[in-house]
Amino acid sequence: MITTAAVCPHPPLLLRELTGQQDGAAGLREACHTLLSRALRGAEHVAVVGGAPAAPGTARPDLAGGLPLSLRVGVRLLEQAGWRGPVELHPVADDTPTGECLRRGRALAALPPPTALLVLGDGSARRGPRAPGHYDERAHGFDEALVAALREGDPDGLAALDPGLARDLMAQGRAALQVLAGAAAAQPAPPRADVVYADDPYGVMYVVAEWRW
């Protein structure tokens, strides 16, 4: 049974060598490191869930080019946290249907305790004129629902995120977060939730949160 879940974004900003001379993500990285050091206490296994592009014509993750960025960031964060225990990597295609995401989450919930779940996924990337996808007025409402669900420990709120809208808004964390929703719904009690970071540098919504059972 999963005992704690950590939610971190997966932008290249978390890889310091890719941030350039001006480091605009120091606070984001620090939040991830602080949360992981707490979430890993007492864990014996870690399962990492992260989105990946879908293979052409399928709903399966495309791994032809190696690990997707989300899992690469997850592995790096664990290394920086000093984790030396076993790690399972679970890529999920960005367009995986909600029902399948929830099923995969329920399967992860059956992992032997004490297991920590590290979920890598971003919110929308269309929150302003400088955002990667430029501005879309729907982005703020989508992200407000996402952050509220994480803050309240509400798996139903994550499960309600609309896949089509997430795709329009370039919200690459939707599928991974709905895997978390499936894992949380399978627990014997609602999680105790803590959001330690929620901001949108560069027009992309990043959230760092912990759910603990």
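Tutor: The count comes to 9 salt bridges, a salt bridge being a side-chain nitrogen of Lys or Arg within 4 Å of a carboxyl oxygen of Asp or Glu. This is a predicted model, in which local features need pLDDT of at least 70 and side-chain atom pairs count only at pLDDT 80 or more, while totals for chains, interfaces and linings use all residues. Residues are numbered from 1 along each chain as its sequence is written, and side-chain values use heavy atoms, with hydrogens and water left out.

Student: What makes Arg138 and Asp168 a salt bridge?

Tutor: The closest N and O atoms of Arg138 and Asp168 are 3.5 Å apart; the limit is 4 Å, so the pair qualifies. Arg138 lies in the loop between strand E4 (115–120) and helix H4 (139–152) and Asp168 in helix H6, so the pair ties together parts that are 30 residues apart in sequence. Helices (H or I, at least four residues) and strands (E, at least two) are DSSP runs, numbered from the N terminus.

Student: Why is Arg138 called partly exposed?

Tutor: Its relative accessible area is 38%. Buried means under 20%, exposed over 50%, and partly exposed in between, with a 1.4 Å probe and protein chains only, so Arg138 falls in the middle class. Asp168, at 37%, is also partly exposed.

Student: How do you know that Glu210 is buried?

Tutor: Glu210 has a relative accessible area of 5%, so it is buried. Its salt-bridge partner Arg212, with closest N and O atoms 2.7 Å apart, is partly exposed at 22%. Salt bridges that share partners join Arg38, Asp194, Glu210 and Arg212 into one network.

Student: What separates Arg103 and Glu100 along helix H3?

Tutor: Arg103 and Glu100 are 3 residues apart in helix H3 (residues 98–108), and therefore separated by about one helical turn. Their closest N and O atoms are 2.7 Å apart, and the two form a salt bridge.

Student: Why does Leu67 qualify for a nonpolar surface patch?

Tutor: Patch residues need over 30% relative accessible area and no salt bridge, with like charges joined within 9 Å and nonpolar side chains (Val, Leu, Ile, Met, Phe, Trp, Tyr) within 5 Å. Leu67 has a relative accessible area of 42%, so it is partly exposed and passes the 30% threshold. Leu67, Val87 and Leu89 make a patch of about 220 Å², the area coming from the Shrake-Rupley method with a 1.4 Å probe.
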